[in-house]
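User: Hi! Could we go through some contacts in this model together? I'll send it over now.
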Amino acid sequence: MHILKNYINYRFVFIFVLIFCSNCFFAQAPQIAGTQSDESTRAAAKIMVVPYNKQNEDIRTVLDDNPHIRTAVSKVKEAFDQRGWSTVDFVANLRAAQANAAFTSDRQSNFKSDLLTTSGADFYVQVDVQITTDESGTNTVLNLTAFETHTGASFSNKTGTSKFASNDYEKLITKAFERIQEEFLNTLMVKTDEIRDIGRACMVEFNLDENVGIDFDSPIASGEYLNELIEDWIAKNAYKGRANLSGILENKMLFDEVRIPLYDQETNKPYNLNRFATEVIKYLRSKGVQATRNIHGQKMYVTIK
């Protein structure tokens, strides 16, 4: 009778533990699935994959001159696309820039900078490939570096290598990339999460029209000075108050970094610099100050008339 009683008790404990563990497993499963499935939503920041160019190399001809870099750029962009990231096509933007009258010969030295600025990309990933061959085989070194477009901050830097007795360069580059792909993309995912948290970096510049009758130290109808009006609005409307006033000149007021959200905080729809510009123009006009705006990539220029 005592043995039977112990058997029943052990059986009860076993069933209880089994039920408890099953509940824990099913309770955790949706959370894990949710974490894996929301990557494309988290990766809302736009990324452009670009070739590395030396100081004396023209970014416009690097892909034509170096088929290995062309292959590497394609492989890296494809990896982002497959994981649902928002990518900006380098070649398409390059062709558009070359056809744009704004990219004239006197701007050649700043062509890459202008190209990145006008692309609308939050990040750019720079790709470099070095291939050497000796008696033991072909050695491939693939360098990837990710930067925030506006601030130039470096976010991720990885180097992958492969060496085989082969001249199949595409395979060699693919193998080198596979060795660093997951770690590189996962590091960038953390950085895009940071952008969701602190906002997208932009530059905002206020300029005075040459015929305007006021300056930044002029009082307006509300009694505030124009520079105070602008600074207070930017501080209030920059995402989480993140803005830096870098200087005020006679005819210019510059914020070298203003953060705006990736998504509208009320509607949860994508938010961009044009929306931010519209809001500041409306505000200035409500204060009796006429202004227009121009947007150049992640740079906003407001001209006070």
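User: How many residues apart in helix H4 are Lys77 and Asp81?
Analyst: Lys77 and Asp81 are 4 residues apart in helix H4, so about one helical turn separates them. Helices here are DSSP runs of H or I with at least four residues, strands are runs of E with at least two, and both are numbered from the N terminus. Before we go on: this is a predicted model, where local features need pLDDT of at least 70, side-chain atom pairs count only at pLDDT 80 or more, and totals for chains, interfaces and linings use all residues. Residues are numbered from 1 along each chain as its sequence is written, and side-chain values use heavy atoms, with hydrogens and water left out.

User: Thanks! What do the side chains of Lys77 and Asp81 meet in?
Analyst: A salt bridge, at 2.8 Å from N to O. The term means a side-chain nitrogen of Lys or Arg within 4 Å of a carboxyl oxygen of Asp or Glu.

User: And how many salt bridges does that rule give?
Analyst: The count comes to 14. One of them pairs Lys75 with Glu170, at 3.4 Å from N to O. Lys75 lies in helix H4 (residues 67-82) and Glu170 in helix H7 (residues 169-178), so this pair ties together parts that are 95 residues apart in sequence.

User: Is Lys75 buried, partly exposed or exposed?
Analyst: Lys75 counts as partly exposed, at 21% relative accessibility. Glu170 is partly exposed too, at 44%. The cut-offs, using a 1.4 Å probe and protein chains only, are under 20% relative accessible area for buried, over 50% for exposed, and partly exposed in between.

User: Nice. Which residue does Asp197 form a salt bridge with?
Analyst: That would be Lys240, with the closest N and O atoms 2.9 Å apart. The pair links distant parts of the chain, 43 residues apart: Asp197 is in helix H8 (residues 181-198), while Lys240 is in the loop between helix H9 (226-237) and strand S7 (243-248). Asp197 is partly exposed at 42%, whereas Lys240 counts as exposed at 53%.

User: Changing topic: how many residues of helix H6 are buried?
Analyst: 7 of its 9 residues (111-119) are buried, so helix H6 is mostly covered. Among them are Phe111, Leu115 and Leu116, along with Lys112 and Asp114.

User: What do the buried residues of H6 pack against?
Analyst: Their partners include strand S1 (46-51), helix H5 (90-99) and strand S3 (123-134), where a contact means heavy atoms within 4.5 Å.

User: Which residue follows H6?
Analyst: Gly120, and its phi is positive, near 80 degrees.
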